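Please read the text alongside the sequence and the model shown here.

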Amino acid sequence: MSKKILIVDDSLFVRESLKMLFIKNGYEIAGEAANGEEGIKKANLLKPDLITMDITMPGTISGLEAIKQILTDNPDNRIVVCSAMGDKYNLKEAILAGAKDFVVKPYQPERLLEAIKKYIA
Amino acid sequence: MSCNIEREPLLEMFIFETNQLLMQLEESVLESEKKHNYQLTIDEVFRVMHSIKSSSAMMLFNNISTLAHSVEDLYYFLRKEKPAEIDYGAITDLVLESADFIKRQIALIEKGEKSDEQPIDLTQKIKETLAKLKKEEIKTSPKVAFNFYQVNLCFEDGCQMENVRAFAVVHKLQEIASKIEYYPQNIEEDDETTEIIKKEGFHLSFSSHKTREEIEKFFSQIAFLKKLQIKQLNKYEDNKHINKSESKKEFSCCQKKNFISVHVQKVDQLLNLVGELVVAEAMVTKNPELAGLHLDSFYKAARQLGKISHELQDIAMSMRMLPLTDTFQKMKRLVRDMSRKIGKEVELEIYGQETEVDKNIIEHISDPLIHLIRNALDHGLENSMERKEKNKPVQGKIILSAKSIGGDVWITVQDDGKGIDKEKVVARALENGLIAPGEEKEMSEQQIHSLIFLPGFSTKEQVTEFSGRGVGMDVVLKNIEKLGGNILIESILGQGTIFSIKIPLTLAIIDGMTIKVGKASYTVPLTAIKQSFRALSEQIIIAPDGSESILVRGNCYPILRLHNFYKNITNIQSIEEGILMMVENDGQIICLFADCLLGQQQVVVKPLPKFIKKVDGLAGCTLLADGSISLILDISALIN
């Protein structure tokens, strides 16, 4: 059975391109969310095997907050963070909060896949 | 001229640096305690103790180095393990106690005595604390046998933000390993480390109870890993890089200071010489043999000389001037220790600690200040229950401030406690026979408050560790008076007390007015003089006991005839022929009667030679321009 991925990113373009990338490589898309709140809801509802999370998103709940919430709801959730270059502070916090790994935008598809493979083999 | 500074420069430097480090340590520890953020100071304490350990070991002060080492151990543990729930208060106590011990030893070394006190109790305590902490730590993650590993890893090219990746590795590693050290350090803060990791890889050393296979598995889980080297060590070795970078950092912060340390003896000698120079200059330019000669170019040159010598004098004086910062910082510590012990919540506010005063004053102001602050804490401030009842903020407040006004420095200690109860003071004074019954009715508020300065006065029944048995306040007053200062009390019952200490900015050189009485000359500090005038005989009032007073603008002031007081022979006996000088001290005014004024001059204060027995009303002596001696009058003593 293929693994399900939840994509959380505020940019439609990023979501679409990630979707294509994942499907092409044999993953299933559990769902997508455009902000932190939606991300938390869908993570609980859809129980994905992995979540890719943009860390800087508009809205009341930032990516960082969402990571913290998702991991409190279920510590087994696996989250890979997508972050803008140089956002050191948020990255550090995300790692401390329990995110598994991170990729730096703009990411090359292979890198993201490689990171994902580590966590959902 | 040789000075008897025999001590080696190295030792001197050691003492200087250690003291400075300790002060830094104390300050930051107290600061962090105030903010309840202990993490901040862990590195600082570790660094300070580390430096003290190595330098004292180098100087063969093994007792200091042992102690510093044990504190370093403790903080090493805190730094690495970051245990969450520990009693930082107790640890802070230990650090401060250790700092005190080291300070004591340094003081001994400074005096040239042998420092051989062994800090056995303290090291034992620290070790116990550490052992306890470690036990707790082990409880949470039981570890059996430790293996030591050294790991070098490289990330794939272009995976970006290598420093944060390294940080993530360290973070994850903490779950399975302890005593993690890594190079480059500062990966969280310093982006330049990215380059180092790119080039040299990321070096880690740690201990873990996991087997080599498990460690390998752990690292293989990390994304974007290009190269991995794991080395198992038998012994835990410090990563050489780490020590190197640390010592480099220390070196650079030492270099930033723009100070040189000079032995105070040399400064004093310089000051003495400058004092002599000022006098010698006056001796030349005001030489009686020049009288009546027209020497234009001579006077021009002499004026230039005068200008330079005065500038030189100012600079020499300023070299002895130190800010009150250190003294005030010490008080922070005092307040902290005491408030912990007696269980009162107190906040100490400090203002104007940059005010500069003479070194001599700094040395002598500390004890009286300590006493005043202790009193404020112990007697002045109520405990939190009482404060709540009185609708005061639970946290008591003590304000310590300094400012310079004119030639004086005012240091005030203010508390918002219960104030001085005048009736209690009077009752106690009567009980101890310090005043006669009925006397209190004629006393002003200020005078009643001043009763607490009398020897043997104490309104506190219990004697505590901190506030003494009523021997204090009179000693405070004596110490302050020794510095040429005095002390004022303002107090409102129920609202608080203010002690204001007034001390002269400097003791060495004063502006004085020289007056003549018969053949002798006297110098009156300019700050004390209100006015000088010729009196008319109608203004004089003679009391039945023969004492004279003068009426000036509706006020009556007593007259002190200096020639009578010092038994000088002078032809000028009538008030109209001489001159009256109105002088003030502490709000009290008298008029001094002298023959004539000789002029205003800066004079260098010299103590009276020891073979002269104590003469009332003299503060010292000085040399005048013509080489003769002038006695400096102590106005406060004359008024009393």
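## Terms and basis

A residue is called buried when its relative accessible area is under 20%, exposed when that area is over 50%, and partly exposed in between (1.4 Å probe, protein chains only). By this scale, Arg165(B) and Asp101(A) are both buried.

The model is predicted, so that local features need pLDDT of at least 70 and side-chain atom pairs count only at pLDDT 80 or more, whereas totals for chains, interfaces and linings use all residues. Residues are numbered from 1 along each chain as its sequence is written, chains are lettered from A and ligands numbered from 1 in the order in which they are written, and side-chain values use heavy atoms, with hydrogens and water left out.

## Confidence

For the complex, the predictor gives an ipTM of 0.71 and a pTM of 0.48. Chain B has a mean pLDDT (the predictor's confidence in each residue, from 0 to 100) of 78, and 88% of its residues reach 70 or more.

Over residues 235-257 of chain B the pLDDT is below 50, and the stretch has 24 contacts (heavy atoms within 4.5 Å) beyond near neighbours in sequence. Residues 1-6 of chain B also stay under 50, with eight contacts beyond four places in sequence. Where pLDDT is low, the predicted coordinates should not be read in detail.

## The five-stranded sheet of chain B

Helices (H or I, at least four residues) and strands (E, at least two) are DSSP runs, numbered from the N terminus; two strands pair if DSSP finds at least two bridges between them. In chain B, five strands form an open sheet with mixed pairing, in the order E6-E8-E9-E11-E10. Strand E6 (346-351) and strand E10 (486-492) of chain B are at the edges with a single partner strand each, so one side of each has no neighbour in the sheet. From one strand to the next, the twist averages 15 degrees.

Within this sheet, strand E9 (residues 408-415) and strand E11 (residues 496-504) of chain B are antiparallel and share eight bridges; Val409(B) has Ile503(B) in E11(B) as its bridge partner. Helix H12 (residues 325-342) of chain B packs on the sheet, where it touches E6, strand E8 (396-405) and E9 of chain B. The direction of H12 makes about 175 degrees with that of E6(B), on axes fitted to C-alpha atoms, for helices over the stretch in contact, with angles from 0 to 180 degrees between N-to-C directions.

## Salt bridges

A salt bridge is a side-chain nitrogen of Lys or Arg within 4 Å of a carboxyl oxygen of Asp or Glu, and the whole structure holds 22 of them over all chains. One of these joins Arg165(B) and Asp101(A) at 3.4 Å, N to O. This pair crosses between chains, from helix H6 (residues 162-173) of chain B to strand E5 (residues 101-104) of chain A.

In chain A, Lys42(A) and Glu38(A) form a salt bridge, with their closest N and O atoms 3.3 Å apart. Both residues lie in helix H2 (residues 36-46) of chain A, four residues apart. Lys42(A) is partly exposed at 25% relative accessibility, as is Glu38(A) at 29%.

## The surroundings of Glu382(B)

Glu382(B) lies in the loop between helix H13 (359-380) and helix H14 (384-389) of chain B, and its relative accessibility of 2% makes it buried. Glu382(B) forms a salt bridge with Lys390(B) at 3.4 Å, while Lys390(B) is partly exposed at 40%.
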